[in-house]
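Thanks for making the time this morning.

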Amino acid sequence: MVTLAEVARHAGVSASTVSYVLSGKRPISAVTRQRVRASIERLGYQPHAGARALASSRSRIIALMVPLRTDMYVPVMLEIAVAVATAARAHGYDVLLLTGEEGPSALRRVTGSGLAEAVILMDVQLDDERLPVLRAAGPPAVLVGLPADPAGLNCVDLDFRAAGELCVDHLAGLGHREIAVIGESPGVYARHTGFAERTLRGLRSRAAELDVRLLHRPCEGGHDAVAGVLARVCDERPGVSAFVVQNETAVEPLLALLRRTGRAVPEDVSVVAVCADQIAAQASVALTSVAIPAQELGRRAVERLIARLAGRPDGEGAAGVELLTPVLTVRDSSGPPPPRAPGN
């Protein structure tokens, strides 16, 4: 293992000069700095992470808090996490992944110990119990999500309320007057998870504005659960001619059940989803959908955090909310309602 002293001998400088080149604590001439960098590259020297952190008071580690709950669609969460890790590495940072549900205690542990110098929070709830810790301790942080009170926080997310509104606009524009929403698992709403609550608000507010009847039913996902929810919807609202799905695990079971009951998509009933593009495009009927821009969310979260760490008072690093504009892509699953909705 190459040592700092060996780099110094190879470059013909003192060990302290090599240290200053690495830390940037003192100005070093461009010629000397270039010579030291060349020796580092030639010898393959890697600074010891612990020693580097002690010397600079910086760990170069970002803690990513992403609780992997059984009632959440994990692939999208992991896609955001991978985007965070990739973008962080491009800026010379590593990512510490915290997947448990410790909440505030985990946040205190990683920030109080100096293990991580900044934090990205995912799975944000409207009244998230981690936020008082952030506000009190003040570590640089970005939320991928939007709490009820984002004052003083740095947040980036899809505008889920606008996503809900887009779904209703599209279906109402096609002539649908009764829409059923197959939502996330009940536990997601019980925790007041931000993205689900905000989508539902957008759906309800736009439906009220356009005089569209809207029925929302949470769903665990999976064939049996979707079958039960679909049966209840058809019993309560036989005039429903369109579904909005915000539950990736319910997409294929719903399409299969509609086929089994003789309801063609989109001739008899339309289906619109809020989900990843890959799921929508590869469904048994290509779904009209509002995409979840997972990679963009991860990248932007890191960019905002790096700007904050660099001490930029304005711009991307400033505290505030950045909501990405949702885009609805029309595919094969939506069309006008039949002349007479099934059941009427």
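Let me start with Cys-275, which counts as buried at 1% relative accessibility, where buried means under 20% relative accessible area, exposed over 50%, and partly exposed in between, using a 1.4 Å probe and protein chains only. Its sulfur lies 9.7 Å from the closest cysteine sulfur, that of Cys-167, which is too far for a bond. A disulfide is taken here as a pair of cysteine sulfur atoms within 2.5 Å, and by this rule the count is zero.

Before going on, please keep in mind that this is a predicted model, in which local features need pLDDT of at least 70 and side-chain atom pairs count only at pLDDT 80 or more, while totals for chains, interfaces and linings use all residues. Residues are numbered from 1 along each chain as its sequence is written, and side-chain values use heavy atoms, with hydrogens and water left out.

Now the sheet: six strands form an open sheet in the order β2-β1-β3-β4-β5-β11, with parallel pairing. Strands (E, at least two residues) and helices (H or I, at least four) are DSSP runs numbered from the N terminus, and two strands pair if DSSP finds at least two bridges between them. Because β2 (94-98) and β11 (320-324) each have a single partner strand, they stand at the edges, with one side left without a neighbour in the sheet.

Four of the five residues of β1 (residues 61-65) are buried, so this strand is largely enclosed by the rest of the structure. β1 pairs with β2 over five bridges, Leu-64 having Leu-97 as its bridge partner, and four bridges join β1 to β3.
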